[in-house]
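I opened this entry to keep a record of what I looked up in one model. The notes are in the order in which I made them.

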Amino acid sequence: MSGERDNSDDDVFKALASGTRRRMLDVIKARPCTTGELCAQFAELDRTTVLQHLRVLERAELVTGRKMGRERHLALAPLPIKRMYDRWLGDYTRAAVGLLADLDSGAR
């Protein structure tokens, strides 16, 4: 299980490493949209490039797509980000808050 989890973590980090993909997540987070609507939000990129970025996000399970007729509806899947927060950021955040509290109480 640990090796499988590390691979999925790698996929999430890879997906989040791109500013374009982070912007795509912001768009989808604000409002679920269709693939066409997402492409329209990134007019500076051709459709193929947007779809390549989207595949990376889907492989990392950050985005889900559901076919409805001829359209594919995209939605944010927040669990991988929560998993990253719990594993990597949560402990660091708590430690930083603890240090700040120690500094604050020492200043009194």
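Below are my entries on the core, one backbone angle, the cysteines, the salt bridges and a surface patch.

**Ground rules.** I am working with a predicted model, in which local features need pLDDT of at least 70 and side-chain atom pairs count only at pLDDT 80 or more, while totals for chains, interfaces and linings use all residues. I number residues from 1 along each chain as its sequence is written, and side-chain values use heavy atoms, with hydrogens and water left out.

For burial I used relative accessible area with a 1.4 Å probe and protein chains only: buried is under 20%, exposed over 50%, partly exposed in between. The core has 18 residues, and M24, L38, L57, L62 and V63 touch the most other members. At least two residues come from each of α1 (2–16), α2 (19–30), α3 (35–41) and α4 (47–59). The most come from α4, which gives four. I took helices (H or I, at least four residues) and strands (E, at least two) as DSSP runs, numbered from the N terminus.

I then listed the contacts of L57 (heavy atoms within 4.5 Å). Apart from neighbours within four places in sequence, L57 touches A15, R21, M24, L25, L62 and V63.

**Backbone.** I noted E61, whose phi is near 60°, a positive value in a residue other than glycine. Most residues other than glycine have a negative phi. E61 sits in the loop between α4 and β2 (63–68), and is exposed at 52% relative accessibility.

**Cysteines.** How many disulfides does a search of the whole structure find? I used a cut-off of 2.5 Å between two cysteine sulfur atoms, and the search gives zero. The sulfur of C33 has its closest cysteine sulfur in C39, at 9.1 Å, so the two are too far apart for a bond. C33 is buried at 4% relative accessible area, and C39 is also buried, at 12%.

**Salt bridges.** My rule was a side-chain nitrogen of Lys or Arg within 4 Å of a carboxyl oxygen of Asp or Glu. By this rule I count six salt bridges. R83 and D9 form one of them, at 3.3 Å from N to O. This pair links distant parts of the chain, since R83 is in helix α5 and D9 in helix α1, 74 residues apart. D9 is buried at 2% relative accessibility, whereas R83 is partly exposed at 25%. A network of salt bridges links D9, R83 and R87.

R72 pairs with E58, with the closest N and O atoms 2.1 Å apart. R72 is in strand β3 (residues 71–76) and E58 in helix α4, 14 residues apart. R72 is partly exposed, at 28%.

D86 and K82 are bridged at 2.7 Å between the closest N and O atoms. They are four residues apart in helix α5, and therefore separated by about one helical turn.

**Surface patch.** Which residues form a nonpolar patch on the surface? I found F13, Y85, W88, L89 and Y92, with about 540 Å² of accessible area together. Areas come from the Shrake-Rupley method with a 1.4 Å probe, and for residues only the protein chains shown count as cover. Patch residues have over 30% relative accessible area and no salt bridge; like charges are joined within 9 Å, and nonpolar side chains (Val, Leu, Ile, Met, Phe, Trp, Tyr) within 5 Å. Helix α5 (residues 79–106) gives the most to the patch, four residues. Y92 lies in that helix and is exposed at 57% relative accessible area.

Definitions and conventions. Core = buried A, V, L, I, M, F, W, Y, C linked by side-chain atoms within 4.5 Å.
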